[in-house]
Amino acid sequence: MSSNTHTNKPVIGITVGDINSIGAEIIIKTFADNRMLEFCTPVIFASNKTINFYRKLMNENNFNYQSLKDFTRLNHKQVNVFNCWEEEVQITPGILNEVGGKYAARSLAAAIECLKEGNIQGLITAPIHKKNIQSEQFNYTGHTPYLRDAFEAKDVLMFMTAENMRVGLLTEHVPVAEISRYVTKENILAKLQMMKESLIRDFGIDKPRIAVLGLNPHAGDDGLIGQEEIKEIIPAIQQAKNTGILAFGPYSADAFFARDMHSQFDGVLAMYHDQGLIPFKSLATGSGINYTAGLPIVRTSPDHGTAFDIAGKNLADANSFRQAIFTCLDILEKRETYAENTRNPLKKIELASE
């Protein structure tokens, strides 16, 4: 059924993640609250048996769903579970094994197919484990590069967002010993351009101000501690300014967040994973989430991992996952507004002159 009263509600796809992790639990906790159905029509990519296993384990009676095999039967008044597999699967909460990774990959592949076909408008991904999901089909360090290739995007930006800060990463899951080779003027410029475009289109900020962190302690101390700032980062910031990006820095990463300087900027570009994520996870107010900027589609995820240590114990906190859904819906709305505002500039000029 898709009566017109519901068509303005976005259909949101949700991948189950590693089936032995907290993924199914945080999904069920989120949608046990029926008010979530006022904002979107959720489609969970999993299997009835997986969802039933966790619903029973959690003793969650407020969570109801209908089973879905094709989108002509989508129910806008209920949670939909799109069955990606029918076979019996051994679920072992808290255990890291290849079963968890295999079905996490299957859930993700099915969701991407539905995104490409236009059946769902946005995607929320529950956590996967980087090691056990590896296969011929999934040879990536995480969701972000996998989605980049799936949608043939030139580049993407891992963008952590919360109420009080947005932190993008120049490098993601790269060994620390190899980070400096990716700190190039070209890479920094590409990520700054992507961050600027995302802040305008996805977050509705007209003239975003972006801070750039240094790579070395004290942002290199004028070349005393490493040369990357002088050779790559400062020239990148200068060139970014010449192309109309309001970029500033490089700032010393140790003091930047401690002095609350992030509150003066719309986005911060960190050079590597921990440089950006340690302060983000420590200081983010509300619930932080991970957003993939640079894709034609909208994908968000919670800012935490699989949490095998508490899987199956009904202890997982669904706040970040819930926030990932709301952020996805916000970005879809902002993109629509942006598209309307930029669709026909001539019409706007005519209206203004009348």
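Is aspartate 149 buried, exposed or partly exposed? With a relative accessible area of 36%, aspartate 149 comes out as partly exposed (buried means under 20% relative accessible area, exposed over 50%, partly exposed in between, with a 1.4 Å probe and protein chains only). The model here is a predicted one, in which local features need pLDDT of at least 70 and side-chain atom pairs count only at pLDDT 80 or more, while totals for chains, interfaces and linings use all residues. Residues are numbered from 1 along each chain as its sequence is written, and side-chain values use heavy atoms, with hydrogens and water left out.

As for the overall fold, the protein chain has eleven helices and twelve strands (DSSP runs numbered from the N terminus, helices being H or I with at least four residues and strands E with at least two). The radius of gyration is 21 Å, close to the 20 Å that the globule rule gives for 354 residues, so the chain is as compact as a globular protein of that length (the radius is taken over C-alpha atoms, and the rule is 2.2 Å times the number of residues to the power 0.38). Along the principal axes, the C-alpha atoms fill a box of roughly 60 × 60 × 35 Å. Of the 354 residues, 51% count as buried.

Now to the charges. Side chains of opposite charge can pair when their charged atoms come close. The whole structure holds eight salt bridges (a side-chain nitrogen of Lys or Arg within 4 Å of a carboxyl oxygen of Asp or Glu). One of them pairs aspartate 149 with arginine 148 at 3.0 Å, N to O; arginine 148 is partly exposed at 25% relative accessibility. Another joins lysine 191 to aspartate 155, with the closest N and O atoms 3.3 Å apart. This pair links distant parts of the chain, 36 residues apart: lysine 191 sits in helix H6 (residues 185-201), and aspartate 155 in the loop between helix H4 (143-150) and strand E6 (157-161). Lysine 191 is buried at 6% relative accessibility, whereas aspartate 155 is partly exposed at 25%.

Glutamate 88 and lysine 49 form a further salt bridge, their closest N and O atoms being 3.6 Å apart. Glutamate 88 lies in the loop between strand E4 (79-83) and helix H3 (98-116) and lysine 49 in helix H2 (residues 48-58), so the bridge ties together parts 39 residues apart in sequence. Glutamate 88 is exposed at 65%, and lysine 49 partly exposed at 41%.

Asp330, Glu333, Glu336 and Glu340 make up a negative surface patch (patch residues have over 30% relative accessible area and no salt bridge, and like charges are joined within 9 Å). Glutamate 333 belongs to helix H10 (residues 319-343) and is exposed at 56% relative accessibility.

Most residues other than glycine have a negative phi, and most peptide bonds are trans. Asparagine 59, not a glycine, has a positive phi of about 55°; asparagine 59 is in the loop between H2 and strand E3 (65-68) and is exposed, at 58%. Histidine 218 also has a positive phi of about 55°, in the loop between strand E8 (209-213) and helix H7 (228-242), and is partly exposed at 43%. A cis peptide bond, with omega about 0°, joins glycine 249 and proline 250; proline 250 lies in strand E9 (residues 246-251).

Key:
Patches are made of residues with over 30% relative accessible area and no salt bridge: like charges are joined within 9 Å, nonpolar side chains (Val, Leu, Ile, Met, Phe, Trp, Tyr) within 5 Å. Accessible areas come from the Shrake-Rupley method with a 1.4 Å probe; for residues, only the protein chains shown count as cover. Lys and Arg count as positive and Asp and Glu as negative; His and the chain ends are not counted. The place of a charge is taken as NZ of Lys, CZ of Arg, CG of Asp or CD of Glu.
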